[in-house]
Every structure is written in C-alpha cells, then in structure tokens.
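Visitor: I would like to learn how to read the features of a fold. Please take me through one.

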Amino acid sequence: MTDTGDGSVDAEDAAAVTTLASPTPADARHAIAAAIEREDVISVFGTCTVEYEGRASSHLGPGDRLVVCKPDGTTLVHTDEGHQPVNWQPPGSTQAARLTDGRLELHSLRSTPEEELLVRFEEILQVTAYDVTDERELALEGTEEDLRERILDDPGLVETGFSPLATERETPAGAVDIFGEDDQGRRVVVELKRRRVGPDAVGQLGRYVDALERDLHADADVRGILVAPSVTDRARRLLAEQGMEFVALEPDPER
C-alpha cells in the first residue's frame, strides 16, 4: 500500500485498503462503521481504556493499544507484549463504532453467554480497514461461468424441479445470471458468486427480485436464490430476513 501522506491511499490500492492517520473521532467512527458493514478486517491504534463485563469484570486504564476487529465478530485488544490479547470477544459477537461525549468507542456484545467489551479511545493514531481475501482459495474457485455451466448441466443442484429459462436476463436492475422457474411455476432469480460473499451480494439479489416483480406483473411471485461456495453469517441473516435463500455450490474444478 502507498500512503499519500494525507490519510488516503493510491487509487490502485483504495479498493483493498483504507487508512486514516490521526483522524478525528467522528471521521474514525464513520470509517469503522463503513468497514464493519463491508465486513473488512479493521485495526485501530491509539490510547484507550478497556472495560469488560460478563462472566467476570475487568478494567484497563489508559494505554497505547492495538484493537483488531474481524468480520466474524472477533475483537482483539493487544498491548506491546506477548502474542495473546489482553482482552477479546469471540466470533459471533456484534460490533459497533459510536461517539460518546466526543470520544470514539468500539463496542462488542456477545449474547450467549452475555458479555460486553467497551474500548474508549482518548487519542486515535491510526485506523486501517483491509479487504482481506485468501488468494489460495481464489486460485481454486474457478469462475462464475464454470458455476453457471455446472447448473445448466444439472439444474437439480439448485433444487429439485428447478428449470432454467434464460441466462443474463436483462432487468431494470441489471442482468440476472440465471432466470428460471421452480416445480410450482414460480419465477426464480439465481445470482452466482464464485467466492464467499457478504451483504453486498444479498442486496444485489434483492434488487433483481424487486425489479422482476415490477417488470412481470403486480402479483408475480419471484424467488431469489444466491449460489456461492459460502456466505458470511451476516449475509445469511439478511437472506432469511428478506425471504431469500442460499445454496452452497462451488465451480466444477474439472472445467
């Protein structure tokens, strides 16, 4: 990554890494909240206090610490010693960035068992968000075209009775990867992704479903199915909330 010196990065790196040097609490909160929504890996370095309430209680006074937030809900608080965090929250926790009395707070809440971690920054030296991808996994995934051909060869991989009607069907929201119908005659929009996906893919599929419902007729029943090797927990929740579905499927490695 190339730092331009003004808190930004070169255009070729901007999609992968975002860095703010000595940001205001408001700017830091905005950047962290956006990174949480994108499901980036986030690091925040500065002077902070740490409060924990749960199976026990603990307090860390002001000190220079590195806080790492991962998209699976993990939060780690590191000092300058040792490889273990001095405090942490496990995967599945809910993360949020907020301002309280003009100071940045990172809040992590676990529901079962109930545990709360609160990191309050007195000074923020750096915020960085990373769009992290496992390159080895990418090398094995193939392409979306491979995935499409696999489904066209065997539509039952989506579900029993699924019949493809068209590929790249145009809608006001863009082209649908596979358009078909199920065994009850309901229209089905299938969105294909060759890698693990998050909320953005759910939003894209929802726009296609909405566009087709408007494009067909008022009482059209259009289903949305997202097909990918895997989805994040947040994406799975959004699919359920919007009445859409997920099918785990990888491109055929033989193609």
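Predicted model: local features only at pLDDT ≥ 70, side-chain atom pairs only at ≥ 80, totals over all residues.

Guide: Start with the main core. The largest nonpolar core has 21 residues. A nonpolar core is a set of buried Ala, Val, Leu, Ile, Met, Phe, Trp, Tyr and Cys residues joined through side-chain atoms within 4.5 Å. Buried means under 20% relative accessible area, exposed over 50%, and partly exposed in between (1.4 Å probe, protein chains only). Ile32, Val44, Leu106, Val119 and Phe121 have the most contacts inside this core.

Visitor: Which elements each supply at least two residues of this core?

Guide: They are H2, E2, strand E3 (57-69), E7 and E8. E8 gives the most, with six residues. Helices (H or I, at least four residues) and strands (E, at least two) are DSSP runs, numbered from the N terminus.

Visitor: What does Leu106 touch?

Guide: Contact means heavy atoms within 4.5 Å. Leaving aside residues up to four places away in sequence, Leu106 touches Ile32, Val44, Val67, Cys69, Ala96, Ala97, Leu117, Leu118, Val119 and Phe121. There is also a second, separate core of 18 residues, which includes Phe179, Val202, Ala228 and Val231.

Visitor: What are the totals for the protein?

Guide: The secondary structure comes to six helices and 13 strands. Of the 255 residues, 42% count as buried. Residues 24 or more positions apart account for 53% of the contacts with a separation of 6 or more.

Visitor: Now the helix. Which residues of H2 are buried?

Guide: First the general idea. An α-helix has 3.6 residues a turn, so residues three or four places apart point the same way. In H2 (residues 25-38), the buried residues are Ala28, Ala31, Ile32, Ala35 and Ile36. Down the axis of H2, they fall within an arc of 135 degrees (from the directions of the helix axis to the C-beta atoms), so they line one face of the helix.

Visitor: What covers the buried residues of H2?

Guide: The cover includes strand E1 (17-21), strand E2 (41-53), strand E6 (94-100), strand E7 (103-110), strand E8 (115-130) and helix H6 (233-241).

Visitor: How do I read backbone exceptions?

Guide: Most residues other than glycine have a negative phi, and most peptide bonds are trans. Glu39 has a positive phi of about 65 degrees although it is not a glycine. Glu168, in strand E9 (residues 163-171), has a positive phi near 55 degrees. A cis peptide bond joins Thr112 and Pro113, with omega about -5 degrees. Pro113 sits in the loop between E7 and E8.

Visitor: Are Glu39 and Glu168 buried or partly exposed?

Guide: Glu39 is buried, with a relative accessible area of 14%. Glu168 is partly exposed, at 38%.

Visitor: Where does Glu39 lie, and what does Glu39 touch?

Guide: Glu39 lies in the loop between H2 and E2. Not counting residues up to four places away in sequence, Glu39 touches Pro71, Gly198, Pro199, Thr232 and Arg234. A polar contact of 3.1 Å joins the side chains of Glu39 and Thr232. A polar contact is a pair of N or O atoms within 3.5 Å; within protein, one must be able to donate a hydrogen and the other to accept it, and residues adjacent in sequence count only if both atoms are side-chain atoms.

Methods: Residues numbered from 1 in each chain as written. Heavy atoms only, no water.
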